[in-house]
Amino acid sequence: KQARLFQVDKLLSIYKKLYQIDLAQKTGNLPFSLTASIDFLLADLLHNHMNINPNIFKGYDIRAVYPTDINEENIVPIIKAIYTFLIRGSINKKSFTLVVGTDMRISSPSLTKTAIKTLLGLGARIINIGIVSTPTFYFAVSHYGYDAGIQITASHNPKEWNGIKIV
């Protein structure tokens with residue numbers, strides 16, 4: 001139970017930080033649906049996917065060693081949670097366009113393919129911009145006015161790492 005409480009606190013903190021970043025860029029008002037969205041995400045992740053290491057959730061992204069802590073299996077519930085968070089809390093639209101980018105790590109093509117397949121299955125419209133740097137990914141989402149973006153990358157971490165950036 002203590003591990004579960006730690007994971008709830010950690011995930012709640014991550015989703016709140018992600019939302020606050022988005023919120024600062026938009027209206028400054030906290031929608032009523034945020035609490036329900038976070039509760040849904042946490043309940044789903046914790047009830048159905050307890051094998052996800054809570055330490056992969058960082059302050060502004062998700063980073064982990066591949067395939068130990070992030071892989072083609074556990075990226076599915078993480079992507080579903082991110083999508084649910086975006087559609088119910090942050091973007092609050094029934095349909096939106098999501099940019100997907102990736103870095104050049106060996107594990108990135110497989111993780112990206114799984115992420116895109118999951119997102120398409122959920123009904124997202126995807127703009128796959130392929131292998132790009134993080135600044136280029138951020139530029140694409142912002143400059144072209146897309147609703148959000150997910151990049152498969154572990155940023156500056158060693159090659160055996162991978163993760164997800166969300167904007």
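Tutor: Start with helix H4, which lies across S2, S3, S4 and S5. H4 runs at about 170° to S2. Keep in mind that this is a predicted model. Helix H5, residues 134-143, also lies across S2, S3, S4 and S5. The angle between H5 and S4 is about 160°.

Now the sheet itself. It is open and has five strands. Read across it and the order is S1-S5-S4-S2-S3, with mixed pairing. S1 and strand S3 (125-131) stand at the edges with a single partner strand each, so one side of each has no neighbour in the sheet. On average, neighbouring strands are turned by 15° against each other, direction ignored.

What does asparagine 162 touch, not counting residues up to four places away in sequence? The list is Ile62, Arg63, Ala64, Ile70, Arg105, Ser107, Ser108, Leu111, Ile152, Thr153 and Ala154. One of them, isoleucine 152, is ten residues from asparagine 162 in sequence. In space the two are 7.0 Å apart, C-alpha to C-alpha. Two polar distances complete the picture. The side chains of asparagine 162 and serine 108 are joined by a polar contact of 3.0 Å. A polar atom of the asparagine 162 side chain also lies 3.3 Å from the backbone nitrogen of threonine 153.

Turn next to the nonpolar residues. In soluble globular proteins, nonpolar side chains tend to be buried together. Here the largest nonpolar core has 28 residues. Which of its members touch the most other members? They are Ile78, Ile82, Leu86, Leu119, Ile150 and Ile164. Several elements each supply at least two residues of this core: strand S1 (61-65), helix H3 (75-90), strand S2 (97-102), helix H4 (108-122), strand S4 (148-152) and strand S5 (161-166). H3 gives the largest share, eight residues. Take leucine 86 as an example from the core. Leaving aside neighbours within four places in sequence, leucine 86 is in contact with Ile91, Asn92, Phe96, Leu98 and Ala148.

Last, the aromatic rings. The count comes to four aromatic pairs. One of them joins phenylalanine 139 and tyrosine 144. Their centres are 6.2 Å apart, with 85° between the planes, and the pair is edge-to-face. Tyrosine 144 also pairs with tyrosine 146. Those ring centres are 6.5 Å apart and the planes stand at 40°, so this pair is tilted. Phe139, Tyr144 and Tyr146 together form one aromatic cluster. Are these residues buried or exposed? Phenylalanine 139 is partly exposed, at 45% relative accessible area. Tyrosine 144 is exposed, at 53%. Tyrosine 146 is partly exposed, at 28%.

Methods:
Residues numbered from 1 in each chain as written. Predicted model: local features only at pLDDT ≥ 70, side-chain atom pairs only at ≥ 80, totals over all residues. Heavy atoms only, no water. Core = buried A, V, L, I, M, F, W, Y, C linked by side-chain atoms within 4.5 Å. Buried < 20%, exposed > 50% of the residue type's maximum accessible area, 1.4 Å probe, protein only. Helix = DSSP H or I, 4+ residues; strand = E, 2+ residues; numbered from the N terminus. Contact = heavy atoms within 4.5 Å. Pairing = 2+ DSSP bridges. Axes fitted to C-alpha atoms, helices over the stretch in contact; angles between N-to-C directions. Polar contact = N/O pair within 3.5 Å; in protein donor to acceptor, adjacent residues only side chain to side chain. Phe/Tyr/Trp six-rings, centres within 6.5 Å; stacked < 30°, edge-to-face > 60°.
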